[in-house]
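Grab a pencil and open the model beside you. The exercises below take you through it step by step, with a worked solution after each task.

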Amino acid sequence: MIDPQLLKIFSRVVRLGSFSRAAAHLNVDKSAVSRAVAKLEKQLGMRLLYRDTRKLHLTDAGAAVWFEAQKVDESLDMLESYAETYTGEAMGVLRVSCSSGFGRVALLPIIDTFLRNHPKIELELEFEDRFTDLVAENIDVALRHSHFLPDSILIARPLCENPRLLAAAPGYLANAGTLTWPADLVEHVCLVYGKSAVRLDKWVFDTGSKQLEVQVQPHITLNDTEALVRLAVRGQGIVLLDRFLLEPEIASGALVEVLPQYRPTPGFPIHVVYPARKWLPRKTAAFIEFIDQHLKAS
């Protein structure tokens, strides 16, 4: 009798491309993963994997076994879902991915409420400023700022728009020159988000009758939104960022909104994204409902 857990581990090793990543994903030692694959090969009497200096490769037999192992992996996950259904409770490990700025400012302050409502859920948060591969990295749900095209692998559900604000410290504004029109920004110290070859230094405003694009001259360019907020609080310049990043500092008086009569064009809308599957685990559905209600109420 083949142990289904061995097939699950083998499936994850192949999907994630390494023993170490599968071990981290399954929260076990790398040696345990290696032993599980070796035990599966012994039970089946065939070589499933071989590795060169760069990556793992499936043998022909391994490819056939992996095709079936994925079904077992999915079935085991489905059994967990049945347990949720018949106990009436959301339970299990829930892996959530989002950007670091959104996670710290918008998600952490409310996550204790979610866990109080669902005490049998164990939450694993990943705050990363990149698009994680939900399927390969076994992420249950992600919060992303983007426009989405149809994707048969992922389901993207829009949550809310993402307005942006222009802000600066009172101290900066007290010493700054004239600032009555968006075009005046070219004469001011501006703090810009950017990374690699992308620099968001074209700020677009709604003037009522048309949109006005201003090419600002960055004083500092950073790929960390929280660091940009900190620089603005210290009076280092004017910053244009998503509203949720700036509102706490505006509420405290550390920053004030600049040119509120001219609204910046919104940032990418916020979506909740999750892998397309035959069933949606109760834990995932509970989180989606919670974050949807919170963002629409904020």
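**Before you start**

This is a predicted model, in which local features need pLDDT of at least 70, side-chain atom pairs count only at pLDDT 80 or more, and totals for chains, interfaces and linings use all residues. Residues are numbered from 1 along each chain as its sequence is written, and side-chain values use heavy atoms, with hydrogens and water left out.

**Exercise 1. Find the strand order of the open sheet with 5 strands, and name its edge strands.**

Step 1: Recall the terms. Strands are DSSP runs of E with at least two residues, helices are runs of H or I with at least four residues, and both are numbered from the N terminus. Two strands pair if DSSP finds at least two bridges between them.

Step 2: Read across the sheet. The order is β4-β3-β5-β16-β6, with mixed pairing. At the edges stand β4 (121-127) and β6 (154-160), each pairing on one side only. On average, neighbouring strands here are turned by 20° against each other, direction ignored; such angles run from 0 to 180 degrees between N-to-C directions, and axes are lines fitted to C-alpha atoms, for helices over the stretch in contact.

Step 3: Check the pairs. β3 and β5 run parallel and are joined by 3 bridges, with S97 opposite A142 in β5. β5 and β16 run antiparallel with 4 bridges, and L143 has V272 in β16 as its bridge partner. β6 pairs with β16 (residues 270-275) in the antiparallel sense over 6 bridges, and there P158 stands opposite H271.

**Exercise 2. Decide how many of the residues of β5 are buried, and on which faces.**

Step 1: Use the cut-offs. Buried means under 20% relative accessible area, exposed means over 50%, and partly exposed lies in between, using a 1.4 Å probe and protein chains only.

Step 2: Count. In β5, 5 of its 5 residues are buried.

Step 3: Sort by face. V141, L143 and H145 lie on one side, A142 and R144 on the other, and all are buried.

**Exercise 3. Is F102 buried or exposed, and which residues does F102 touch?**

Step 1: Locate F102, which lies in helix α5.

Step 2: Apply the cut-off. F102 counts as buried because its relative accessibility is 2%.

Step 3: Collect its contacts. Not counting residues up to four places away in sequence, F102 touches L107, L143, H145, F244, I270 and L295.

**Exercise 4. Describe the open sheet of 3 strands, and say which side chains of β11 are buried.**

Step 1: Give the order, which is β11-β10-β15 with antiparallel pairing. β11 and β15 (263-264) are the edges with a single partner strand each, so one side of each has no neighbour in the sheet.

Step 2: Follow the pairing. β10 (residues 202-206) and β11 are joined over 5 bridges. K202 has Q215 as its bridge partner, and F205 stands opposite L212. In their hairpin, with 4 residues between the strands, G208 takes a positive phi near 105°.

Conventions. Contact = heavy atoms within 4.5 Å.
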